[in-house]
Amino acid sequence: WAACESCPNHTHSTQGSAVVTNCTCDEGYYGQDGQDCLQCPAGKFKDVNGSHACSSCEAGKFSTGLAETQESKCEACTAHADSPEGSGAVEECLCNTGYTGVPGGS
């Protein structure tokens with residue numbers, strides 16, 4: 001019998017898995033099956049296990065957290081401000097036309 005080995009970082013497998021490619025990325029992490037997975041960057045999230053890509057926060061929202069697992073972590077910009085899809089900082093929320101203020105301000 002071969003010894004059981006740990007899956008790579010931020011991955012898991014089901015009981016009885018026989019090959020390292022059965023180790024898939026956890027929620028909040030992305031990468032190829034059987035390899036170390038990387039955390040989703042700010043402005044992105046992943047709410048499923050597997051090799052799926054991270055999803056972006058929609059335009060008008062941002063998220064500063066890393067390895068987020070829920071779309072609800074994407075926060076809305078303040079009133080009369082907008083940000084591009086996948087924004088990872090409140091400073092990316094810019095005032096709309098006809099409004100002024102400091103980027104990310106309240």
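Author: A residue counts as buried when its relative accessible area is under 20%, as exposed when it is over 50%, and as partly exposed in between. Keep those cut-offs in hand. One more point before the close look: this is a predicted model.

Start with serine 87. It sits in the loop between S9 and strand S10 (94–95). Is serine 87 buried or exposed? Its relative accessible area is 0%, so serine 87 is buried. What does its side chain touch? Another is the side chain of glutamate 92. That polar contact between side chains spans 3.4 Å.

Next, go to the loop between S5 and S6, where lysine 46 lies. Lysine 46 is buried, yet it has no salt bridge. Where is the nearest side chain of opposite charge? It belongs to aspartate 26, 7.7 Å away. A salt bridge needs a side-chain nitrogen of Lys or Arg within 4 Å of a carboxyl oxygen of Asp or Glu. Lysine 46 turns up beside backbone oxygens instead. The side chain of lysine 46 reaches the backbone oxygen of glycine 50 at 2.8 Å. A polar atom of that side chain also lies 3.2 Å from the backbone oxygen of valine 48.

Aspartate 47 belongs to this loop too, between strand S5 (44–45) and strand S6 (55–56). Its relative accessibility is 44%, so aspartate 47 counts as partly exposed. Lysine 46, by contrast, is buried.

Histidine 10 is in the segment before strand S1 (11–12). Its phi is near 65°, a positive value in a residue other than glycine. Histidine 10 counts as partly exposed because its relative accessibility is 36%. Histidine 80 lies in the loop between strand S8 (75–76) and strand S9 (81–82). It is not a glycine, but its phi is positive, at about 65°. With 43% relative accessibility, histidine 80 counts as partly exposed.

Now for some distances across the chain. Cysteine 37 lies in the loop between strand S3 (29–30) and strand S4 (38–39). Its relative accessibility is 5%, so cysteine 37 counts as buried. Along the chain, cysteine 37 and alanine 67 are 30 residues apart.

Glycine 98 is in the segment after S10. Its relative accessible area is 75%, so glycine 98 is exposed. Glycine 98 and cysteine 57 are 41 residues apart along the chain, and 25 Å separates their C-alpha atoms.

Finish with asparagine 22, in the loop between S1 and strand S2 (24–25). At 36% relative accessibility, asparagine 22 counts as partly exposed. How are asparagine 22 and tyrosine 99 separated? They are 77 residues apart along the chain, and their C-alpha atoms are 52 Å apart.

Go back to serine 87 with all this in view. It is buried at 0% relative accessible area.

Notes: Residues numbered from 1 in each chain as written. Predicted model: local features only at pLDDT ≥ 70, side-chain atom pairs only at ≥ 80, totals over all residues. Heavy atoms only, no water. Helix = DSSP H or I, 4+ residues; strand = E, 2+ residues; numbered from the N terminus. Buried < 20%, exposed > 50% of the residue type's maximum accessible area, 1.4 Å probe, protein only. Polar contact = N/O pair within 3.5 Å; in protein donor to acceptor, adjacent residues only side chain to side chain. Lys, Arg positive; Asp, Glu negative; His and termini not counted.
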